[in-house]
Protein chains: 2
Amino acid sequence: MNELTIILQSDSSDCLYQQIYEYIKSEIKTGKLREDEKLPSTRSLAEYLQVSRSTVNLAYEQLLSEGYIESKPQKGYFVCRLENLIQLKAVTGKTTIEENGSSRKIPNQIYQYDFSPNAANMREFPFATWKKITRNILVDANSEMFALGSPQGDPELRETISRYLFSARGVNCSPKQIIIGAGNDYLLMLLEKILGRHVRIAMENPSYKRAYRIFDSFAYEISAVSMDESGMRVDELEQSGADVAYVMPSHQYPTGVVMPIGRRMELLKWAINQPGRYLIEDDYDSEFRYRGKPIPAFQSSDKYGKVIYIGTFSKSIAPAIRVSYMILPQPLLEIYREKCYFYSSTVSRIDQRILNEFIKEGYFERYLNKMRKIYKEKHDLMLEQLEPFRNKFIISGENAGLHVLLTCRKKRDSSVISEKEFIDQANQAGIKVYGLSDTFIKPPKGERATFLLGYAALEKEEIKEGLEALGRMWL
Amino acid sequence: MNELTIILQSDSSDCLYQQIYEYIKSEIKTGKLREDEKLPSTRSLAEYLQVSRSTVNLAYEQLLSEGYIESKPQKGYFVCRLENLIQLKAVTGKTTIEENGSSRKIPNQIYQYDFSPNAANMREFPFATWKKITRNILVDANSEMFALGSPQGDPELRETISRYLFSARGVNCSPKQIIIGAGNDYLLMLLEKILGRHVRIAMENPSYKRAYRIFDSFAYEISAVSMDESGMRVDELEQSGADVAYVMPSHQYPTGVVMPIGRRMELLKWAINQPGRYLIEDDYDSEFRYRGKPIPAFQSSDKYGKVIYIGTFSKSIAPAIRVSYMILPQPLLEIYREKCYFYSSTVSRIDQRILNEFIKEGYFERYLNKMRKIYKEKHDLMLEQLEPFRNKFIISGENAGLHVLLTCRKKRDSSVISEKEFIDQANQAGIKVYGLSDTFIKPPKGERATFLLGYAALEKEEIKEGLEALGRMWL
């Protein structure tokens, strides 16, 4: 086909390119334009519709970026394969879900209430401040700032991070121990180069699946260690034969367990017992604690150089801020300097400078305090709304982080439906909830149906409505 | 010690913090403040000098960032270890040398003429344009732009890169094959996850040492394959037992050899001969070619899905632009999607958007053309100035890239000094030249003294003066 008869309305509130884009998108979604079908060239469509070529370009680019069409060099534009797209429901577009999946992923069903435990709330982000800092920094930008910086990250930012972590998390480190990198995934890749190829790593079961996949892609041997109410079980860890344990002591994902000081000491003792043993402390959402005294990071009680501390600004500032940091204990720092000094920094100096200003000038603290207040209100509302659920479910993991857990009091039997059936029921009513099963590295036996309910990206009204609707079904 | 008696001059052109900074720096450099000595706290120094605490803070931060002092949390500021610092010569500060080294590196001798083959020239960078684009993008910045983007990079930027590479380098790829990452080092780390652990990699000998170190840190078996005038020798490659060959066909580093089409076909044939064989094409400075028709990228003649193409904007735009791209052939793309889809992007969406605008609006092309002209002038001047050297040296690697090679016509004997001695002579006269020896993976036998002379960061006047001074010594 080489013609698209689009009736353009110059009096429409939509501009021309948007009308073209909407038309083609609808033709694809209704199946009138089929998979692999060639679109007219931008030139010929522009001539045919009597519009400028850049208008058609814009429309095509929008379709490209949304994955409706693809471009094959020297051949032209073709309709992509879009299997499930046609069944799309009405979009509410209220939540931003962290995109973890493959680029092959096709749009999923959109839910009216999405209780994603990984969603980000960007509504309160101080865009204006961030823009102002960027502008100010660019005013002074010179060739030095466009040169490659230190592989470990700019000393100023490392200094700022070490101060922040000392005051906020009790972390005790010199800026020399800090490595700044573009996200936790990258820092774990770098850590692999430091720890070497042959590592047996112990992970809490259940745990953060992304970290699991990353260690798995390193071909590390992974031991799934059970949790009790204090966190990772040390007896099982001991038996696992692991060299390294990956833990989230401040607020374990997904169980929400906060590891008490006693268990921390036991873990540290395990690490000290053998040379070459280390603990990776992922302090991923430690900023959000609503009740009780904040527990200092694990790292703060490590006098033996056994804790590798990892934190990120992607969680506390914005997912697009690709800045994480890793603090190496002395023995590993030496290996890094010997074996990995040549890896260039993955974060641009300009971005480092912006972040440095954001923290140093107090904006970060202000933003954190604001978010802590907002999240606390949502957290409290959540628990209040969950009161009627307590007969049937146990609520846990509260008081910290950005989600709570609901566990069915009864085991599955003829009278109790399965986790999957609970979820299916919710989904059909437009409510997305997440089963704990998906977070197990090694599936446990006879586990009760358990659900993660995140609240970060939902408005209070939505939390209320969503939980009411859930209650009508589940209770 | 707890006092620093600094006589501050309020009528000096230097502001107060700079006077404090200069004073302490000089005390450290002259050894009056010794290694590990504690500095007064910012509070007490501020009181003592009767200045604001932020003034002292500024001075300390400057010293921290330059590595003169370090901060130990809860303890204070201490003087760093600075072994060679005291012998520092006068700084000309005219060249920006790419910092590859460890963070432990202490300032080296500064040379009047630095013929670094890796130096970047940022004088012509269109800072104003870059700032303007950034400002414009930030005006529209919304929560969507601060969300995490596609793991492979934003579709718009991938589309732009695929168009650019098609027109500039003949590269034939769909945006779906492109992975955007924060630098080549990161992309090679990702490639390791795709290719797996047990790879024997063939590298040209000599080659780019950073790539060698990276492959070595993967614990890959590395075969050093000799070069002839057409590039990597295919007979040696065949014998090496390698699965993957890493080559720089457009302009080999360091030899400057441009691989002719015949040799490319031989290499491709080698790869096709066995399943699991691949070629990594590092097209690192292909933008700069001054004579002859540009040779399309290797990737453009690959109909068999055997070429992994890697390129970067760190070289062609600015080292701080941490954006590189890798094009995967279909079979490896499938492995990536299966095994590595969960690795988050390492480049922020805002940076991707800025770069996209920079390329799409034609600024990149304009900048490249400008730089090509400037570099060509320097290149021509270089060759002109090297005329007198031709009696004693062979000049090679010209017509492309940002450096040329000088090879001593005579082998080393009683009448001819060694490469190291040549370099020492130059160094003593304040001229930094780089020996080819450092770039060999496997040292060759009886190689002639050879030098890399880069010209990117030097002004024409400096090239002229530097080569004249070199001629006075070497000829």
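**Entry 1: buried or exposed**

Before looking at any residue, I noted that buried means under 20% relative accessible area, that exposed means over 50%, and that partly exposed covers what lies in between. I also noted that I am working with a predicted model.

I began with B:Lys131, which I found in helix H4 of chain B, the helix of residues 127-140. Its relative accessibility is 15%, so B:Lys131 counts as buried. I then looked up how far B:Lys131 lies from B:Glu459: the two are 328 residues apart in sequence, and their C-alpha atoms are 25 Å apart in space.

Next I turned to B:Asn118, which sits in the loop between strand S3 (113-114) and H4 of chain B. With 18% relative accessibility, B:Asn118 counts as buried, because the limit is under 20%. From B:Asn118 to B:Arg210 I count 92 residues along the chain, while the C-alpha atoms of the pair are separated by 12 Å.

For helix H4 of chain A, residues 127-140, I picked A:Val139. Is A:Val139 buried or exposed? At 60% relative accessibility A:Val139 counts as exposed, because the limit for that class is over 50%.

**Entry 2: the surroundings of one tyrosine**

I looked up A:Tyr325 and found it in strand S11 of chain A, which runs over residues 324-327. A:Tyr325 has a relative accessible area of 2% and is therefore buried. Which residues does A:Tyr325 touch, once those up to four places away in sequence are left out? Among them I wrote down A:Ile161, A:Tyr164, A:Leu165, A:Ile178, A:Ile179 and A:Leu187, and also the run A:Tyr309, A:Ile310, A:Gly311, A:Thr312 and A:Phe313. For one of these, A:Gly311, I also noted the spacing: it is 14 residues from A:Tyr325 in sequence, and the C-alpha atoms are 5.5 Å apart.

**Entry 3: backbone details in the loops**

I looked for cis peptide bonds in chain A and recorded one that joins A:Asn205 and A:Pro206, with omega at about 5 degrees. A:Pro206 belongs to the loop between strand S5 (200-205) and helix H7 (209-217) of chain A. Another cis peptide bond joins A:Tyr253 and A:Pro254, where omega is also about 5 degrees. I placed A:Pro254 in the loop between strand S8 (244-247) and helix H9 (261-272) of chain A.

I then turned to phi. A:Asn399 is not a glycine, yet its phi is positive, near 75 degrees. This residue lies in the loop between strand S12 (393-396) and strand S13 (403-408) of chain A, and at 24% relative accessibility A:Asn399 counts as partly exposed. In chain B, the residue I noted is B:Ala219, which has a positive phi of about 60 degrees although it is not a glycine either. B:Ala219 is in the loop between helix H7 (209-217) and strand S6 (221-228) of chain B, and with 45% relative accessibility B:Ala219 counts as partly exposed.

In chain B I followed helix H12 (residues 349-360) and helix H13 (residues 363-385), which pack at an angle of about 65 degrees with their axes 4 Å apart. The class for roughly perpendicular runs from 65 to 115 degrees, and H12(B) and H13(B) are therefore roughly perpendicular to each other. Which residues meet here? From H12(B) I listed B:Glu357, B:Phe358 and B:Ile359, and from H13(B) I listed B:Tyr363, B:Phe364 and B:Tyr367. Sorted by type, the residues of this contact are five nonpolar, no polar and one charged.

**Entry 4: chain A as a whole, and its copy**

Stepping back, I recorded that chain A has 15 helices and 16 strands, and that 58% of its 475 residues count as buried. Taking the contacts in chain A with a separation of 6 or more, I found that 70% come from residues 24 or more positions apart. The accessible surface of chain A comes to about 20,200 Å², and 47% of this belongs to carbon and sulfur atoms.

How is chain A superposed on chain B? I found a rotation of 180 degrees with 0.0 Å of shift along its axis, giving an RMSD of 0.1 Å. The two copies are thus related as by a two-fold rotation axis. Both copies use the same surface, since 100% of the contact residues of chain A recur in chain B.

Technical notes. Residues are numbered from 1 along each chain as its sequence is written. Chains are lettered from A and ligands numbered from 1 in the order in which they are written. This is a predicted model: local features need pLDDT of at least 70, side-chain atom pairs count only at pLDDT 80 or more; totals for chains, interfaces and linings use all residues. Side-chain values use heavy atoms; hydrogens and water are left out. Axes are lines fitted to C-alpha atoms, for helices over the stretch in contact, and angles run from 0 to 180 degrees between N-to-C directions. Helices (H or I, at least four residues) and strands (E, at least two) are DSSP runs, numbered from the N terminus. Angles under 35 degrees count as roughly parallel, over 145 as roughly antiparallel, 65 to 115 as roughly perpendicular and the rest as oblique. Contact means heavy atoms within 4.5 Å. Ala, Val, Leu, Ile, Met, Phe, Trp, Tyr, Cys and Pro count as nonpolar, Asp, Glu, Lys and Arg as charged, and the others, Gly among them, as polar. Buried means under 20% relative accessible area, exposed over 50%, partly exposed in between (1.4 Å probe, protein chains only). Accessible areas come from the Shrake-Rupley method with a 1.4 Å probe; for residues, only the protein chains shown count as cover. Copies are superposed by least squares on the C-alpha atoms of residues with pLDDT of at least 70 in both.
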